[in-house]
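I opened my notebook to look at this structure one part at a time, and I wrote down what I found as I went.

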Amino acid sequence: MRTLILTLVLLVCAVVSLFVGVADISMALISISRIPRTVALILAGVGMSISGVIMQQMTQNKFVAPTTAGTLEAAKMGLLIFLIFIPTAGAALKMLFAFLFTFIASLIFLAIVRKIRYRNVVFVPLVGLMFGGIIGSISTFFAVRMNIVQDTNAWMMGDFSGILQGRYELIYLSLPAIIITYLYANKFTVVGMGEDFSRNLGLNYRAIMNIGLFCVSLTVSAVVITAGAIPFLGLIVPNVVSLLFGDNLKKTLPLVALSGAIFLLLCDIVGRIVIYPYEVPIGVTVSIIGAIIFLILIIRKR
Amino acid sequence: MIEVKDISKHYGRKVVLDGVDLQFPIGKITSLIGSNGAGKSTLLSIVSRLLAQDGGVVMVDGKNVTDYKNKVLAQRLSILKQSNHVRLKLTVRELVSFGRFPYSQDKLTDEDNEKVDRAIHFLDLEDIKDAYIDELSGGQKQRAYMAMVVAQDTDYVLLDEPLNNLDMKHSVQTMKTLRRLADEWKKTIIIVLHDINFASHYSDYIVALKDGKVKYCDTTDNIINEKVLEDVFDIKISVTEFNSKKVCNYFM
């Protein structure tokens, strides 16, 4: 029922998203620019919020997400290294670089979380933010050296206005990760109960952790490459859904996915209307709306 | 049957378990007692393959635990640890349903649902089965976790200090439930206990550990003895008989 309502809302938002904007609507415009943009928005919204859920299960911490675990910075660093060393190689290699860096950074972050004795709810994401800060500053150092600071900054600010047919297709790579997550929903719930609990239930904990890492890395790198970093999405959407409907992923994962897509579409529509005929980058709208919701969440938790 | 052969474990240079040999009788409650650091919880974790030993083997039904597939072992043996604090927002019924995970990973069958309902009924959780576990009291939470283990329906049930943080009423309730599991459902129960009187009153056998070694291993009646207990705990304990049950007094 809830899923049905959300699906309808998503459809309405998608249609609005297709027709909001400046130019006169023509079939060519719709197929070259509008459809790719809407599809990219939906996939990014679903992908980022689902990645957030998986990371929260793997670390057993509600405040861990691509934004607070250095994941986005790692993807950015992968792109940067690619740009410095083999700028002319194809998009597939670019994707591979971003993916590898994201994967390795997530492994390191998980290893750090494992080592932390004092597993305070706020302490873990703080460590993640510092970790991201370190990665970010190394990237910036090299970017300054190579005079490409502007490029790298552009990646960090998610923006869907540049999305055109032929330049966004990599985002479809997040689709398999999303499907795997859905099929493994129950197993990720068990992982979220902790290692001992998982073993008691006969779950191969390590294997599921690796699958989770793979899915997160694939999704995040695909999204960062096509649209840039979208902050907070993986944090807010899962938390709101969890507050309202609990943590049984089998039940809530579709809700997370749909809400993520709707939230991102709405932010994009708002960004396109506020200073019409210009456009606010979606990273800004998501950050502002997201930060407010996040603050409310933290204060309510107290 | 669970057999433990020559188990040893050390953390760094500190020896926690040293050549432990044990057999746990089927369909009975065996309590592990001993001072802090005697190695009780470590032994329980090793038996339940949550922790790897440095030497020795654990056999379940004549087969080394390391030779079992995860899923198969999870259908034979379950463990509930004191640190099993699930932070997820799940309802009681959802939590109990995860006890069936080793049998049918994703889709619960009718048989699974039946066992879940039976476990909920057994622990008297019908009234709160749709409540979220993070909203329950300590005693209710403990019952919910035990229901999950009951739904897992394993021959061997291991519990690490299940009475921690429970008041007297809920402690007694928990022990009575375990007693029924052993007597009516023929489960083999191994339990780490701190309160000697609970061990005395509810268990069939007692294993006393001291400095990583099995000091005594006998029927409850033989262990609850002033000399033995003084040897195990290094304090004076007086044992008196009350309503044909032995009661230990260590406030001396």
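How many bridges join β7(B) to strand β8 (residues 188–192) of chain B, and in which sense do the two run? I noted first that this is a predicted model, and then I found that five bridges join β7(B) to β8(B), with the two strands running parallel. Within this pairing, Leu158(B) stands opposite Ile190(B) of β8(B). I then followed the chain from β7(B) to β8(B), and it passes through helix α6 (residues 168–183) of chain B in a β-α-β crossover that is right-handed.

Next I looked up the pairing of β7(B) with β6(B), which is also parallel and has four bridges; here Ile79(B) is the residue that stands opposite Leu158(B).

I also checked how covered strand β7 (residues 156–160) of chain B is, and five of its five residues are buried. On one side these are Tyr156(B), Leu158(B) and Asp160(B), and on the other they are Val157(B) and Leu159(B), so that both faces are covered.

Turning to the contact between the chains, I found that 23 residues of chain B touch 18 residues of chain A. On the chain B side, α2 (70–74) and β6 (77–80) are the elements that give two or more residues, and α2(B) gives the largest share, with four. I sorted that side by class and recorded 11 nonpolar, five polar and seven charged residues.

Last, I tested the length of helix α10 (residues 205–227) of chain A: at 1.5 Å a residue its 23 residues should span 33 Å, and its end C-alpha atoms are 33 Å apart, which agrees. Just after α10(A), I noted that Gly228(A) takes a positive phi of about 90°.

Definitions and conventions:
Residues numbered from 1 in each chain as written. Chains lettered and ligands numbered in written order. Predicted model: local features only at pLDDT ≥ 70, side-chain atom pairs only at ≥ 80, totals over all residues. Expected span 1.5 Å × (residues − 1). Contact = placed C-beta atoms within 7 Å. Nonpolar A, V, L, I, M, F, W, Y, C, P; charged D, E, K, R; others polar. Buried ≥ 20, exposed ≤ 12 C-beta atoms within 10 Å, placed from the backbone. Pairing = 2+ DSSP bridges. Right-handed = clockwise from strand over helix to strand, strands pointing away.
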